[in-house]
Amino acid sequence: MAGGGVVVQGGRNYEGGVTPFVMVTCLVAAMGGLLFGYDLGISGGVTSMPSFLAHFFPSVVLKMKSAHESEYCKFDSELLTLFTSSLYLAALVASFGASIITRKFGRKPSMFFGGLSFLIGSILNGVANSIVLLIIGRLLLGVGVGFANQSVPVYLSEMAPTKIRGALNMGFQMAITIGILVANLVNVGTAKIEGGWGWRVSLALAAVPAVMMTVGAMFLPDTPNSILERGYKEEAKIMLQKVRGTEKVEEEFKDLFQASEAAKKVDHPWSNIMKPQYRPQLVMCALIPFFQQLTGINVIMFYAPVLFKTLGFGDDASLISAVISGGVNVLATLVSIFTVDKFGRRILFLEGGAQMFVCQILVGSLIGVKFGLNGEGTLTKLDANLILLLVCVYVSAFAWSWGPLGWLVPSEICPLEIRSAGQSINVAVNMFFTFIIAQVFLSMLCHMKFGLFYFFAGFVAIMTVFIYFFLPETKNVPIEEMNRVWKAHWFWSKYIPDEVVIGGHIQDEKHCGGV
């Protein structure tokens, strides 16, 4: 077989269905995404506010007023990008600590600690009078994001019934997009506050999602998988019955127990994930978040107001344009929620990649025509609207493909014994390259100019080809039976021993696109 598609048949149909209990718990847990989303949206808006820049980054204000400054370079400041990117460096480090806590004490403590850290960070940012206190607050926000992003996707995948695992897991991405949209709306409002202190309100309101997650985590139950992993067999079975809404859970509980016993034999999941039999999971947990950041989405999300302002949109217009793209982000995420378990992960990845590629080529070309290499030029109203339209089409493609699937797929493919390590790798790689992109984007825009959009388009083409050949379809496959999928794959099958395959018959497709 030449391509990445496989059909897995004969998977176990576990008893039970979608219960109000599991819907409520997943809804509360998904609030962890609000932390990440609010910060993504708020930082870009705040860094485009003149009062904030004058308070902490006066050199940027002077550069903006320079009549000879290239449109591409007016926001180029390493200290300004450090404000944005420091959070993601802290999240990277925190994700490794979160892995240990998640595995030894359960998913709940990680979510609680993440919310608490984010709460303290938001308070410090709201009252900050120096760049040092501002960065310390950002670092604490990063710890919160690291813990939340490590634990919430795993929690959702373990709680959700197999047939709607994709939709429920995407509640995390939906919360991220809602957080971004709310942040953009807050920025529009606070930018109008007279006296130049509106940015404090924007930063301090991050405490709202932090309180929601912290309080929510106190009342959430832990997952049956996590309870069993820590040795509480009867409690795990009772929780599974409650989650599935039936007492007939013997078959699913048997699979969970087998996975748990295998996990207990692993003392060091970090060294274990390096073994050949976990090569597919290691590669996917590293490359999917890497590619997710190289789509260029965070350039749009946390620098949208700055980017629009750079391209000649006015102060208010740049913030409102960010609100429009944020609204599209939310609506398009709904598309993925309703289609991911029907059409599968691969088709969304592939269609989204093609759509993003075309949009980035067109945006880069339009900016190149208008501003050239010297960065001198202006946008007509038609030009500005066309760029905004293309950005929205691009954002919609990401929102139903690489956005939610970048969190869903890594969280559902790892067996229990390496699940915490796999998710930590996913979060760490994601945060590392988010940090890199955040730190160098404004400088890259200054030096690569409109070619920056071609740069990201090239990576989108590479990642789309990678998905086509190397990612098998995982829809409707029980999370503890995922090794059957890898065993069926044309490339990964050689890494998977027969004895680790749980479940039914595997049928291999004979053509590239089979799903």
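Analyst: Start with isoleucine 462, which counts as partly exposed at 48% relative accessibility. (Buried means under 20% relative accessible area, exposed over 50%, and partly exposed in between, with a 1.4 Å probe and protein chains only.) Isoleucine 462 sits in helix α22. (Helices are DSSP runs of H or I with at least four residues, strands are runs of E with at least two, and both are numbered from the N terminus.)

This is a predicted model, in which local features need pLDDT of at least 70 and side-chain atom pairs count only at pLDDT 80 or more, while totals for chains, interfaces and linings use all residues. Residues are numbered from 1 along each chain as its sequence is written, and side-chain values use heavy atoms, with hydrogens and water left out.

Now the partner of α22. Helix α21 spans residues 416–448 and helix α22 spans residues 451–470. Their axes come within 8 Å and cross at roughly 125°. (Axes are lines fitted to C-alpha atoms, for helices over the stretch in contact; angles run from 0 to 180 degrees between N-to-C directions.) α21 and α22 are therefore oblique to each other. (Under 35 degrees counts as roughly parallel, over 145 as roughly antiparallel, 65 to 115 as roughly perpendicular, and the rest as oblique.)

Who touches whom? From α21 come Ile437, Phe441, Met444, Leu445 and Met448. From α22 come Gly451, Leu452, Phe455 and Phe456. (Contact means heavy atoms within 4.5 Å.) Eight of these contact residues are nonpolar, one is polar and none is charged. (Ala, Val, Leu, Ile, Met, Phe, Trp, Tyr, Cys and Pro count as nonpolar; Asp, Glu, Lys and Arg as charged; the others, Gly among them, as polar.)

Next, the loops on either side of α22. Lysine 449 lies in the loop between α21 and α22. Lysine 449 is buried, at 18% relative accessible area. Its phi is near 55°, positive in a residue other than glycine. Past α22, asparagine 476 lies in the loop between α22 and α23 (483–488). Asparagine 476 has a phi near 60°, again a positive value in a residue other than glycine. At 38% relative accessibility, asparagine 476 counts as partly exposed. For context, most residues other than glycine have a negative phi.

The C-alpha atoms of isoleucine 462 and phenylalanine 291 are separated by 8.8 Å, with the two residues 171 apart along the chain. Phenylalanine 291 is one of the buried residues of α15. Others among them are Leu282, Met284, Cys285, Ile288 and Phe290. Eleven of the 15 residues of α15 are buried, so this helix is largely enclosed by the rest of the structure. Helix α15 covers residues 279–293 and reaches 22 Å from its first C-alpha to its last, close to the 21 Å expected at 1.5 Å a residue. (The expected span is 1.5 Å times one less than the number of residues.)

Last, the charged pairs elsewhere in the model. The structure holds 14 salt bridges. (Each is a side-chain nitrogen of Lys or Arg within 4 Å of a carboxyl oxygen of Asp or Glu.) One of them joins arginine 165 and glutamate 412, at 2.8 Å from N to O. Arginine 165 is in helix α8 (residues 165–190) and glutamate 412 in helix α20 (residues 402–413), so the pair ties together parts 247 residues apart in sequence. Arginine 165 counts as buried at 1% relative accessibility. Glutamate 412 counts as buried at 0%.

Glutamate 229 and arginine 103 form another salt bridge, at 3.6 Å from N to O. Glutamate 229 lies in helix α11 (residues 224–229) and arginine 103 in helix α5 (residues 78–105), so this pair ties together parts 126 residues apart in sequence. Both glutamate 229 and arginine 103 are buried.

Glutamate 252 pairs with arginine 244, with the closest N and O atoms 3.0 Å apart. Glutamate 252 is buried at 9% relative accessible area, and arginine 244 is buried at 5%. Shared partners also join Arg103, Arg107, Glu158, Glu229 and Arg419 into one network of salt bridges.
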